[in-house]
Amino acid sequence: MCGIVGYIGDQPAADIILDALKRLEYRGYDSSGIATLEGKKIHLTRAVGKLAQLDTALKNTPQAGNIGIGHTRWATHGGVTEANAHPHLAADEVAIVHNGIIENYAELKAELLAKGHEFSSQTDSEVLAHLFLDIVRQGYKGAQAMQQVLARIKGAFALAVLLRDSPDTLFVARNASPLAIGIEDGLVCVASDAMAMAHLTRNVIYLKDGDYAALSLDELQIFDRDNQLANREIIRTSASPALIDKGGYRHFMEKEIHEQPDAIAHTIAAMTDAKGVLKTGLSDADLGDIRHLVILAAGTSHYAGQVGRYWLEGLAGIPVSVETASEYRYRAPAHLAGGAVVAISQSGESLDTLMALRHAKEMGLKTIAIVNVPESSIAREADIILPTRAGPEIGVASTKAFTAQLTVLFALAVDFGRAKARLSADEAAGLQQKLLSVPSAVGAAIDCFEAIRPIAQSLKKTPSCLFLGRGRLYPLALEAALKLKELSYIHAEGFAAGEMKHGPIALIEEDLPVICLLDGDDLSAKTISNLKEAEARGATIILIATASSAKLVDFDSFRVVIEDCDPLLAPLILAIPAQILAYQTAVEKGTDVDQPRNLAKSVTVE
Ligand code: F6R
């Protein structure tokens with residue numbers, strides 16, 4: 001998704017900003033740009049496509065100035081064109097980069113057009129640049145101009161602004177979209193993700209919602225939403241300063257699939273107390289008080305939540321609902337007393353999930369966050385954090401964060417089960433042992449890369465396919481379908497195998513690939529009957545199965561077989577061949593594995 005960087009120091013700003021933008025590249029974007037201020041002259045370079053394009057443009061026309069702003073854009077308002085790329089200029093007096101969406105931009109644009117402002121893009125962000133210009137021309141300067149602009153705009157945003165008449169100052173603001181300030185001797189920088197500037201400084205201030213600031217080398221002035229000077233804490237960021245590399249793998253996704261045994265093992269280790277007992281961060285009082293859970297999440301994190309529901313209800317008897325984060329706050333969700341929400345998010349910045357969490361908080365629910373980025377907005381706003389220890393996930397399609405989320409959810413189910421006396425200490429210890437065996441089972445499952453290649457070669461020719469699963473493997477079928485569609489652009493749907501006969505079976509026609517997940521549990525025989533019904537109508541059957549359950553099927557065309565495992569934990573292990581199938585199909589098709597079209601890593605717009 002969009003990325004913001006800003007810099008003031010003694011180095012050429014364009015070089016520093018380009019380097020910082022490269023550290024945000026993994027998030028997905030379609031154009032980029034940099035504006036610098038040299039004395040009272042604003043220089044601008046923008047390019048469509050990858051940062052290499054911007055780099056070339058800057059080499060052809062170097063840009064002077066020791067203060068500047070830069071942006072990677074993921075199109076929301078207006079197509080992918082240079083004119084729509086940021087920074088946006090207004091009359092060579094204002095340059096602005098913006099993340100988020102200005103909800104009342106149409107009304108503001110009409111007002112500015114009536115005053116004679118001319119626009120060269122279709123974006124809401126250019127409206128902001130002209131709003132600044134309009135306000136500056138009314139005589140407002142610097143932070144006062146920012147204050148006037150903020151009073152007029154609605155929406156979620158992070159902004160960084162250069163004003164020609166304040167040549168030493170960078171103006172920034174945030175509301176719901178993340179923005180951090182970095183401070184070091186001789187430099188001030190800003191970024192929408194601390195990772196972009198961790199090589200410049202580890203001293204970071206996270207702005208709060210409604211904050212705005214005027215930043216220069218001499219002074220940092222931060223104001224809160226009531227326009228009062230605010231003191232915001234400087235923290236040492238844990239974001240990695242290293243440029244993350246592929247470590248010899250072809251793609252970040254391939255590397256991250258291989259990192260899963262470690263990600264799961266580290267996540268378990270972080271939830272193991274001094275006596276070696278599996279314990280999440282919930283106190284016994286919380287575990288006792290909470291009577292039902294509402295899981296809030298989007299995409300892959302949502303499917304992790306759906307798997308988690310089977311564990312939480314099955315092992316702890318605690319009622320769970322799993323909500324689509326983008327829907328939750330727009331209805332009137334009703335809750336019984338004793339409820340808590342669990343927001344699940346890799347990035348901790350998905351705006352839908354953050355807003356849903358805030359809504360739940362306003363309704364008085366206790367908030368728990370399962371997040372992979374400890375300094376993220378969701379982590380900072382939740383009452384209790386249950387971290388996943390997957391390390392930075394760079395591939396846009398989530399892999400290791402998903403299995404780490406499952407690991408935390410399983411541990412949470414065991415924790416609740418013990419606290420609610422649904423599990424004895426021995427039973428809980430037995431489940432802990434099973435969880436401890438997962439990293440090596442996942443390691444063994446990763447060996448199926450080559451076995452999957454012929455399946456991927458066959459799948460790449462299909463326009464559409466179905467994934468089936470029952471029980472805990474039903475949400476995994478949804479996740480497997482999502483992975484395949486986002487990476488290889490093949491239409492894929494996941495269904496509960498038992499639901500096929502209620503409608504989706506009409507989709508089956510000669511040679512339609514139907515991919516079935518089987519773990520050998522009590523439901524496997526029923527799943528196989530449902531699969532047989534698809535095969536009888538001409539479907540090509542592909543099995544992703546444990547060794548014993550695969551023996552029960554003799555009508556498949558392709559199969560990926562993994563070692564037998566406890567069906568309870570099978571979603572964690574069968575996730576691996578499902579991810580590899582999506583990966584290998586994308587490789588066969590030659591799509592952009594790490595940055596699939598139209599997708600962004602951290603979705604900070606509604
Ligand atoms: C799919 C994927 C997305 C994310 C979703 C939520 O591979 O990665 O569906 O899971 O955008 O993101 P987080 O977990 O960062 O809130």
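From which domains does the lining of the largest pocket draw at least three residues each?

## Basis of the model

This is a predicted model, in which local features need pLDDT of at least 70 and side-chain atom pairs count only at pLDDT 80 or more, while totals for chains, interfaces and linings use all residues. Residues are numbered from 1 along each chain as its sequence is written, and side-chain values use heavy atoms, with hydrogens and water left out.

## The largest pocket

Domain 2 (255-436) and domain 3 (445-589) each give at least three residues to the lining of the largest pocket, the domain bounds coming from an automatic or database domain assignment. A pocket here is an open set of points on a 1 Å grid over the protein atoms alone, where a 1.4 Å probe fits, with protein on both sides within 12 Å along at least five of seven lines, and lining residues have an atom within 4 Å of a point.

The lining comprises 34 residues, with Ala298, Gly299, Thr300, Glu486 and Val603 nearest the centre of the pocket. Helix 9 (299-316), strand 17 (339-345), helix 11 (351-362), helix 17 (473-488) and strand 21 (491-496) are the elements that give two or more residues to this lining; helices (H or I, at least four residues) and strands (E, at least two) are DSSP runs, numbered from the N terminus.

## The second largest pocket

The second largest pocket has a lining that draws at least three residues from each of domain 1 (3-248) and domain 2 (255-436). Among its 29 lining residues, Asp193, Met195, Asn372, Val373 and Pro374 are the closest to its centre.

Five strands form an open sheet in the order 21-20-22-23-24, with parallel pairing, where two strands pair if DSSP finds at least two bridges between them. Strand 21 and strand 24 (558-562) stand at the edges with a single partner strand each, so one side of each has no neighbour in the sheet.
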